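Reader: I want to know what stands behind the terms used for a model like this. Please show it to me.

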Amino acid sequence: MPAPSPTSPLESPDWRRGLQQRLELAQRLAGAERPDFPRIHELLAECLRGDPGSTLYLGRFLANLRRWNPPPTRDGWFAWLRGSPDAPPLPPLDSAESALALLRQGPERLKTGHADPKLLCHLAAACELADLPETELAYLRAALEVDSADIATWKQLALALTRQGRFDEALPLWRQASELAPGDPALRQALSDLNPAEPAPTNIADLHRAVAADPTNAPRHLALVEALLAAARFGEAENCLLAAQGACGSDFRLLAAREELQLARARRQIELARRRAKSDPHPRAGELAEHLEAEHHRLAIEILHLRCERLPGEMGLRVELAKLLKQAGNFSGAIQRLEEARRDPAWAAAALLELGECWQHLRQYAKALEFYRQAAANPSPPAPLPEGERGTETHLAALYRLGVLAAAMNRPDEAASALRMVIDRDADYKDAKTRLRQLTGE
């Protein structure tokens with residue numbers, strides 16, 4: 001069965017069904033009293049050539065080779081590890097196409113080299129280049145099964161897990177590699193990146209005792225969870241929340257704490273990815289940090305959506321959600337939430353300011369200017385805003401936005417008036433002085 005081109009999109013259902021039929025036939029033959037290993041090998045080789053990224057096909061393929069051609073006796077082990085002198089040289093990997101080409105040659109090469117760690121690691125490197133992360137890990141783990149003392153394989157596997165953001169799995173491997181090569185500076189750096197010093201918890205034991213003394217007291221559970229999150233002990237925090245839900249039943253505070261746990265874990269992943277990106281020049285390290293930040297942003301939006309549904313009267317949550325939606329480019333969703341929030345006098349100024357920014361992003365400048373005017377003139381007492389924002393800052397921001405946009409719309413008098421009010425309240429606010437000087441020469 002010919003494999004699809006590396007540049008083709010998804011394979012057809014008929015093609016996939018053909019691979020599945022070959023796999024099922026190979027499994028039936030493998031269960032026979034006298035397995036036909038060569039035939040099984042050919043069937044599984046077709047599967048693996050057709051889908052080099054399948055860990056299922058790779059696992060069955062290697063398992064058949066180990067049964068058919070097990071490792072030699074102890075006396076011949078090291079000669080076997082050195083490989084056959086007739087084995088073809090490993091080709092260089094310089095593109096995804098060359099990587100896929102090698103992976104499709106893999107079954108033939110592995111027929112005599114399935115216990116060659118260098119070949120397995122080279123195939124893993126091809127998987128990385130072809131963006132097949134799970135298969136990359138499978139090849140590396142197979143290499144470690146052959147030679148568990150190979151420091152290069154330990155490092156390659158730890159590095160692969162780290163670049164995939166699987167830090168909890170990677171950390172024990174970095175430790176194991178460090179034990180094999182204690183003086184390696186790259187290993188020390190990786191351990192430092194993934195295991196930063198945490199603040200020493202001072203009251204966690206006391207909080208555990210308090211919970212044990214009164215297990216149905218939800219605030220005590222919450223205090224313990226908060227302390228564990230501060231110490232980045234996320235697994236313990238999750239276990240405590242499970243125990244609290246069992247003892248206290250349904251409690252919105254516990255649900256909110258679980259959401260905070262999700263967000264704290266995501267922030268921790270971002271922190272580790274950023275630290276690692278400073279030490280690892282590989283493009284995937286930087287891409288991982290960006291990907292995790294985007295995932296955190298989506299998670300925060302999802303959680304705020306749920307909180308808005310649970311707490312329909314909390315308009316501050318709608319403003320906070322609208323800001324995240326605006327950052328994500330979902331201006332229509334942000335506007336919908338802000339229109340709801342502006343009905344609350346305590347949040348009107350903040351909502352009007354955000355509405356102006358949304359409409360400005362949508363190039364509706366006249367509408368944006370009007371919202372800035374309303375936000376700047378809003379007399380309502382400000383409410384406490386998220387992340388320590390103050391009402392005066394909202395008012396200044398509205399005046400500044402009004403001044404900047406009015407100047408861009410050729411309304412110099414209105415722009416100058418707004419900028420003067422900004423400077424009267426905060427002489428060093430952003431570049432208000434410079435903009436006013438450009439408008440009036442003052």
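Author: Here are the terms, each set against its definition.
This is a predicted model, in which local features need pLDDT of at least 70, side-chain atom pairs count only at pLDDT 80 or more, and totals for chains, interfaces and linings use all residues. Residues are numbered from 1 along each chain as its sequence is written, and side-chain values use heavy atoms, with hydrogens and water left out.

Reader: What makes a stretch count as a helix, and how many helices are there?
Author: A helix is a DSSP run of H or I with at least four residues, and a strand is a run of E with at least two. The protein chain has 22 helices and zero strands.

Reader: Why is H16 called roughly antiparallel to H17?
Author: The axes of H16 (residues 315-327) and H17 (residues 331-341) cross at roughly 160 degrees. Angles over 145 degrees count as roughly antiparallel, so H16 is roughly antiparallel to H17. The angles run from 0 to 180 degrees between N-to-C directions.

Reader: Which residues make the contact between them?
Author: Contact means heavy atoms within 4.5 Å. Among those of H16 are Met315, Val319 and Leu325, and among those of H17 are Phe331, Arg337 and Leu338.

Reader: Why is Asn410 called exposed?
Author: Exposed means over 50% relative accessible area, buried under 20%, and partly exposed in between, with a 1.4 Å probe and protein chains only. Asn410 has 67%, so Asn410 is exposed. Asn410 lies in the loop between H20 (391-408) and H21 (412-425). Its phi is positive, about 65 degrees, although Asn410 is not a glycine.

Reader: How much of the chain is buried?
Author: Of the 442 residues, 44% count as buried.

Conventions
Angles under 35 degrees count as roughly parallel, over 145 as roughly antiparallel, 65 to 115 as roughly perpendicular and the rest as oblique.
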